[in-house]
Amino acid sequence: MDKLNIENQMEYLDKIYKLNNNKKLKYFILTMGCQLNENDSEKLCGMIEKMGYSKTDNLQESDLVVFNTCCVRENAEEKLFGKIGEVKLIKEKRGTIIAIGGCMMQEKHIVDKIKKSYKFIDIIFGTHTLHQFPKDMYESVVENKKIEDILDIDGEIIEGLPIVRNDNIKASVTIINGCNNFCSYCIVPYVRGRERSRDPKDIINEITDIAKNGYKEITLLGQNVNSYKGNGNLGIYTFADLLRQVNNIKGIERIRFISPHPKDFTMDVIEAIRDCEKVCKIIHLPVQSGSTNILNKMNRKYTKEQYLELVDKMKKNIPGVVFSTDIIVGFPGETEKDFEDTLDVVSKVHFEQVYMFIYSRRVGTPADIMDEQISEDVKHKRFNKLKSLAESHIEENNKKYLGTIQKILVEGKSRYNENILTGRTETNKIVNFEGENYLIGKIVSSKIISDHMWYFKGEVDDNGWVFANDAALFGYKKTI
């Protein structure tokens, strides 16, 4: 990203801040979609708060409303247009500025609909122009313009934007933008552009700063993280190199990453996961379908057999590795035999977590115009059958945890009981236990005492160890 361009945006931030000074203005932001969108929203929040706005969860009192959209699933459109209708009255009452950005704004038919039917929207911006939001705001506020700031070409890597993170223990860091895979069901390459890897120095510097601010867990983000290509700075050329460097950053206790692509899961990445003690040994490995026939139609570039061989290779080389996955049910042309192949993969791998989706048609993708679209009734029947099988495996897998000692990163208080602390194992299992606030942000060695399907109850082990930076600091024992 052109440094002068960013400096120019910072000047707009300062101009709006001076206009807003002492007005006590508030903003509301709604994020739809994946963790990449959430990361973009953290940057939007950073810029907006530099403009003098404070965040509110009350839509009715907001002076600025930002919708950061997703276009992966059809119900995202329904959610957006429902919210747009809701904010019209707020705008009429308060003069609220309404801005809509994100992936959906890269779809021409959506933008055309907004411009035709929702003329009160002030700012429309795309995925490649997020960094220009200060300029868009200035032109909307001062010059009273309707802003459409969208690029159809691939955007540049954005560095140097302010950021307000949603968490003070866990943080996400984007390492690669865009996607080159063109899965036939997916709109992402069309709305986020082709793959652009960040400079290794920028990634390492960001994570180092995050660690200095007390964060314990990092999630590396990208549509396809294991196709990351470094430029050789800091000796980083590949995703495996990057994992090893992040593993050396003092203060970071856990490293996760999403989402890798099975076709790019090379042996050097497997070895890096094995060797790096901070890299969590749960691998999110999207299969999407267990049928080689459907995988070919999806343009996934691997077969059922190759996927299972990769799983076996990881199990042989990474002690204790477990897996989570994504599966799409009801892709065009999916037969009962194809669906049975998916069930077979699920039975063979025994995933710790399965994120299941009913196929949703997306305008502009090859799958949208394929013959043999599956009926909603058949989709839902297959979804329920898959759900039943996956949950039976989760229930079976959970039994292996009972009585074991697990290291839990304590994330905070339970949403349902302020006397209960909650955290996660390295394999992303939720564990609840009674404890004091000083445990939050520390890694606790906990015994799993009972299973409740979607979470465990725990107690600190008999030695009472609480770990922080590999040193035992406190003795503590509580159960629920």
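Me: Let's start with Glu143: how exposed is it?
Reply: Before anything else, please keep in mind that this is a predicted model. In it, Glu143 has a relative accessible area of 38%, and because buried means under 20% and exposed means over 50%, Glu143 counts as partly exposed.

Me: And what does its side chain meet in a salt bridge?
Reply: The side chain of Glu143 meets that of Lys145 in a salt bridge, with 3.1 Å from N to O. Lys145 is partly exposed too, its relative accessible area being 39%.

Me: How many salt bridges are there in the whole structure?
Reply: A search of the whole structure finds 35 salt bridges. One of them joins Glu139 to Lys135, where the closest N and O atoms are 2.9 Å apart.

Me: Where do Glu139 and Lys135 lie?
Reply: Both of them lie in helix α5, and they are 4 residues apart, which is about one turn of the helix. Glu139 is buried, with a relative accessible area of 13%, whereas Lys135 is partly exposed at 27%.

Me: What else is in helix α5?
Reply: Val141 lies in that helix, which covers residues 133–141. Val141 has 35% relative accessibility, so it counts as partly exposed. Together with Leu19 and Val142, Val141 forms a nonpolar patch on the surface, and the accessible area of these residues together is about 210 Å².

Me: Back to salt bridges: which residues are linked in a network?
Reply: Glu42, Glu159, Arg165, Arg198 and Glu206 are linked in a network of salt bridges. Within it, Glu206 forms a salt bridge with Arg198, and their closest N and O atoms are 2.8 Å apart.

Me: Are Glu206 and Arg198 buried or exposed?
Reply: Both Glu206 and Arg198 are buried.

Me: Pockets next. How much space lies in the second largest pocket, and which residues lie nearest its centre?
Reply: About 470 Å³ of space lies in the second largest pocket. Its lining is made of 26 residues, and those nearest the centre are Asn39, Lys43, Ile158, Glu159 and Arg198.

Me: Which residues line the largest cavity?
Reply: The largest cavity is lined by Asn37, Asp40, Asn68, Gly102, Phe125, Gly126, Thr127, Leu130 and Arg192. By class, this lining has 5 polar, 2 charged and 2 nonpolar residues.

Me: Last topic, Cys70: where does it lie?
Reply: Cys70 lies in the loop between β3 (64–69) and α3 (74–94). Cys70 is buried, because its relative accessible area is 10% and buried means under 20%.

Me: How far apart are the C-alpha atoms of Cys70 and Thr31?
Reply: They are separated by 8.2 Å, while along the chain Cys70 and Thr31 are 39 residues apart.

Methods: Residues numbered from 1 in each chain as written. Predicted model: local features only at pLDDT ≥ 70, side-chain atom pairs only at ≥ 80, totals over all residues. Heavy atoms only, no water. 1 Å grid on protein atoms, 1.4 Å probe; cavity = no way out; pocket = protein on both sides within 12 Å on 5 of 7 lines; lining within 4 Å. Nonpolar A, V, L, I, M, F, W, Y, C, P; charged D, E, K, R; others polar. Patch = residues over 30% accessible without salt bridge, like charges linked within 9 Å, V, L, I, M, F, W, Y side chains within 5 Å. Areas by Shrake-Rupley, 256 points an atom, 1.4 Å probe, with all protein chains shown as cover. Salt bridge = Lys/Arg side-chain N within 4 Å of Asp/Glu carboxyl O. Helix = DSSP H or I, 4+ residues; strand = E, 2+ residues; numbered from the N terminus. Buried < 20%, exposed > 50% of the residue type's maximum accessible area, 1.4 Å probe, protein only. Points joined across faces, edges and corners; volume = space filled by probe spheres on them.
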